[in-house]
Amino acid sequence: MLVNRKLILAHFWLAFAAFGVALALGAWQMFIRSPLGVWLANPELYYRSLTAHGTVMGYVFPTLVAMGFGYAISESALQQRLVGARWAWTGFWMIVVGAVMAMIPVALGRASVLYTFYPPLIGNVFYYIGVVLVVVGSWIWVALMSINLRVWKKANPGAPVPLAMFANVAGSYLWAWTAVGAALELLLQIIPVSVGLKATIDAGLARVFFSWTLHAIVYFWLMPTYIAYYTIVPRAIGGRIYSDTMARISFILFLVVAMPIGMHHTFADPQVGAGFKFIHSAFTALVALPTLLTVFTICASVEIAARLRGGRGLFGWITALPWDNPMLLALAFSFVMLGFGGAGGLINMSYQLDASIHNTQWITGHFHLIFGGAIVIMYFAIAYDLWPHLTGRALADLGMVRTQLWLWFIGMMVTTFPWHWVGILGMPRRMAYFDFGDPAIAPQALSVTFSAIGGFILLTSGILFLVILARGMRSPVTDAGDYQFSLAVHQPATMPIALNSHALWVALMIGLTITNYGYPIMTLALTEGTSVPAVYVGAQ
Amino acid sequence: MTAEDSHHGADIAARVERRWATVAVIIIVMMAVLAAFAGIHRATMPQPRVETTDPSRLHLSGEFVESNLGSVLEANGAVTVRAIGQQYSFTPACIVVPSDTPITLRATSADVVHGILIQGTNVNTMLVPGYISEQLMRFTRTGDYLMPCQEFCSFGHEGMWGKVRVIDKAEFANRAKAGGRLSCVGQ
């Protein structure tokens, strides 16, 4: 039952249009910093572009996908018309206004601070207010997901909450809480300085606040992907979820342990002591657990599909899989990239290993592999799967879909592997250009060139994706039927309350965040004389 | 399939899952134990102490006044290097240090967030204005190393490259005899 199709489509179209623009900027950036391009006469253009690319890809695009997908899940999994559709539209328009408001100063070169808010570098106030509007708009979605689940529970007392909705609401709570860190930084520190009420700011404290948001946000981006792994892929390839319980445990674990880990972003910082760094490192290790569980459950679910199709033997079943099915292709690519990206992540979180690659191009490689690769390729898959239900028209050309997915996978590999390599060699990230004429830097030129080529493969894939969706809006009308989610092998009849509600886990999430962040933030806030003069972007 | 079969299947599934979950937990505990061991036993730890300094007074008084920047040979044979980062350079722009000697790098920022990274080594630290970064280092190979700023520090970031010159221990001791703070700026 999808009633508010226009609402969902609006979210997806805005998300993908913004994604297309940001993708083009990304490709341009890689070209300009590679030996293929000429040095920019005005390197500041690079940082404008980077700020826009990061802000859109980090805040606007995944948030809109999670919201649109969330509304779709709410209506189709709960079989219930969305409660509060008018509020949902309000949230959507807040994001539109916020995104435009943020991008104007960025385009004018008044907010080239990148998407990581690291004072005392301060951009134009409208950039920050725009970002706040985007976040507040998304908080409306959080509230609506919670309300819709509550309405459903009242109508279905004691019934197991459909897995897709359970995960969706967990993701929304994770987002609501992780956004608080950056919100505190913006409201308490940055915005007062950017409007000129204060002239000094504690840069160390700001970095700690931002780290609160900066890592768990990745797990919020990941949620739609994991929901697709569990509740779309098995159905789309004719299988079953191996274990509904394990899926719920994974989502709960994300909710609880994804939050209090951000300080591994400050391993090389002077304002946090070693103790909390170690605690956060250990928690970051812990957050690998839900992913390990997911890899197991999804591989088992896929195996079920293969065996139902007659696959045999220890590994023979792999050939029995429907490899021409784009959903399986996307899943396979996603898992490969998740594997490489995750291995890199374990290195980043290791307290000691981090030193060799901290803030180098390796990091860029790592998170593009995870977010741009493993996560975004499943966003494509979600869109392909939902489109016929949203438009009432079939996506007929599966060959084109497969080509698009292949290009994305290849592009991501060609882009990120050289990045990891030059990162190990010590190439810093976020630089407008490199002097490849310097003999010490020249050996990196070839790797950087490969990355730039990868960027254009990605751009081609992104354009193809938009073309496929746009063409899908005009293909012949078909009845796609009800939007369905995967069933489990053992579909639960009853569910223990802990696996059917979020209250306990939200309490744990908040409690753990307070123990892991409370003391460092309090000490920093109470230390005298650590505020430093603000440096305004574009001020002469 | 009867109800018992289904039950049996569910039991097997649960058992297999539990086994996998146990393996996953063991992997993670192992990683944490390794990190703790390396941290405690081998003393490979990030900076443990938090020290503050006022960036607007760096050039007037205290540890980071201009005359105190550069490398100094301490009485115990160790070397301390003091440096600051500012938009868009390091002072000193060329740091000279001896090989095979324990070195303590103490650095801070005079304006925005910068980072020090010495290519080809594990020396990598953030410079946050208001706070002092301390990093232990030791070089076994003489020669020049590039030292870029690894954090975006506004429009001139791409031009912020320093250098570290590692020279022979004896040569360094010889140069240090004259006293003062050593650097390789202009050499």
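**Chains A and B: questions and answers**

Me: In this predicted model, how many Å separate the centres of domain 1 of chain B and domain 2 of chain B?
Reply: Chain B is divided into domain 1, residues 1–45, and domain 2, residues 55–176. Taken over C-alpha atoms, the separation of the two domain centres is 44 Å.

Me: What is the mean pLDDT of chain B?
Reply: For the model as a whole, the scores are ipTM 0.89 and pTM 0.93. Within chain B, 93% of the residues reach a pLDDT of 70 or more. The mean for chain B is 88.

Me: What area is buried between chain B and chain A?
Reply: The contact takes 69 residues from chain A and 56 residues from chain B. Carbon and sulfur atoms give 70% of the buried area. In chain B, the residues that lose the most area to chain A are B:Phe152, B:Phe155 and B:Glu158, together 14% of what that side buries. The area buried between the two chains is about 4900 Å².

Me: Which residue of chain B meets A:Arg207 in a salt bridge?
Reply: Over all chains the structure holds 14 salt bridges. Between chain B and chain A the count is two. In the salt bridge with A:Arg207, the N to O distance is 4.0 Å, and the partner is B:Glu151.

Me: Which element gives the largest share of the side of chain B that touches chain A?
Reply: Between the two chains, twelve residue pairs are in polar contact, both residues at pLDDT 80 or more. On the chain B side, at least two residues each come from α1 (3–41), β8 (124–127), β9 (131–137) and β10 (143–148). The largest share is 17 residues, and it comes from α1(B).

Me: How many charged residues does the side of chain B that touches chain A have?
Reply: Sorted by class, this side has 34 nonpolar residues and 17 polar ones. The number of charged residues is five.

Me: In which helix do A:Arg48 and A:Glu44 both lie?
Reply: The side chains of A:Arg48 and A:Glu44 meet in a salt bridge, 2.9 Å from N to O. The two residues are four apart, about one turn of the helix. Both lie within residues 44–78 of chain A, which is helix α2.

Me: Which residue does a cis peptide bond join to A:Pro119?
Reply: Most peptide bonds are trans. At this cis bond, omega is about 10°.

Me: What is omega at the cis peptide bond between B:Thr91 and B:Pro92?
Reply: B:Pro92 is found in the loop between β4 (89–91) and β5 (94–98) of chain B. A cis peptide bond joins B:Thr91 to B:Pro92, with omega about -5°.

Me: What value is phi of A:Gln79 near?
Reply: Most residues other than glycine have a negative phi. A:Gln79, in the loop between α2 and α3 of chain A, has a positive phi. The value is near 55°.

Terms used:
Residues are numbered from 1 along each chain as its sequence is written. Chains are lettered from A and ligands numbered from 1 in the order in which they are written. Side-chain values use heavy atoms; hydrogens and water are left out. Contact means heavy atoms within 4.5 Å. Buried area is the accessible area (1.4 Å probe) that two parts lose on being put together, summed over both. A polar contact is a pair of N or O atoms within 3.5 Å; within protein, one must be able to donate a hydrogen and the other to accept it, and residues adjacent in sequence count only if both atoms are side-chain atoms. Ala, Val, Leu, Ile, Met, Phe, Trp, Tyr, Cys and Pro count as nonpolar, Asp, Glu, Lys and Arg as charged, and the others, Gly among them, as polar. Domain bounds come from an automatic or database domain assignment. pLDDT is the predictor's confidence in each residue, from 0 to 100.
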